[in-house]
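Hi,

Here is the structure I promised to pass on to you. Have a look at it first, and then read my notes below.

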Amino acid sequence: MILKPKTAEHYTDLHGGRGNVTISKHLGAHDVNGLDLFAKVVVEKGGSIGYHQHLEDSEGYYILSGAADFIDADGTHKSVVPGDLCLITRGQSHGIVNTGEGALEFLAVVF
């Protein structure tokens with residue numbers, strides 16, 4: 001199965017963050033059993049996705065390019081770079097802040 005990206009969705013101040021975020025979904029809820037989202041996410045320079053909770057699912061961010069502070073479940077900020085995997089399990093919270101000189105790009109998987 002090959003899934004091409006669907007139309008990109010643009011957000012401002014996502015989950016109470018700041019700036020612009022683009023999400024290009026390859027699949028969404030109900031496309032594949034057990035996966036609710038597989039998407040490439042781009043957070044513009046200086047932008048962020050606000051701290052938010054996952055009540056019904058888990059999510060992983062695989063950092064592709066850029067630099068960021070990942071806000072972990074306990075609220076601590078942890079520096080992340082390409083190749084890092086940030087994982088939040090059901091019931092936990094997280095956010096991410098682009099701290100780099102350009103766009104932050106990562107894959108997001110919700111399951």
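**What I found**

Asp72 sits in the loop between strand S6 (68-71) and strand S7 (77-80); strands here are DSSP runs of E with at least two residues, numbered from the N terminus. Please keep in mind that this is a predicted model, where local features need pLDDT of at least 70, side-chain atom pairs count only at pLDDT 80 or more, and totals for chains, interfaces and linings use all residues. Residues are numbered from 1 along each chain as its sequence is written, and side-chain values use heavy atoms, with hydrogens and water left out.

Is Asp72 buried or exposed? Asp72 counts as buried because its relative accessibility is 17%, and buried means under 20% relative accessible area (1.4 Å probe, protein chains only). Leaving aside residues up to four places away in sequence, Asp72 touches Tyr51, Lys78, Ile88 and Ser93; a contact means heavy atoms within 4.5 Å.

Next, the largest nonpolar core has 20 residues, and Val41, Ile49, Tyr61, Ile96 and Phe106 have the most contacts inside it. Such a core is a set of buried Ala, Val, Leu, Ile, Met, Phe, Trp, Tyr and Cys residues joined through side-chain atoms within 4.5 Å. Among the strands that each supply at least two residues of this core are strand S3 (37-43) and strand S10 (104-110).

S3 and S10 run antiparallel and are joined by seven bridges, with Val43 opposite Leu104 in S10. Two strands pair if DSSP finds at least two bridges between them. S2 and S3 also pair in the antiparallel sense, over six bridges, and Ile23 stands opposite Val41 in S3.

Enjoy exploring!

Note on methods
Helix = DSSP H or I, 4+ residues; strand = E, 2+ residues; numbered from the N terminus. Buried < 20%, exposed > 50% of the residue type's maximum accessible area, 1.4 Å probe, protein only.
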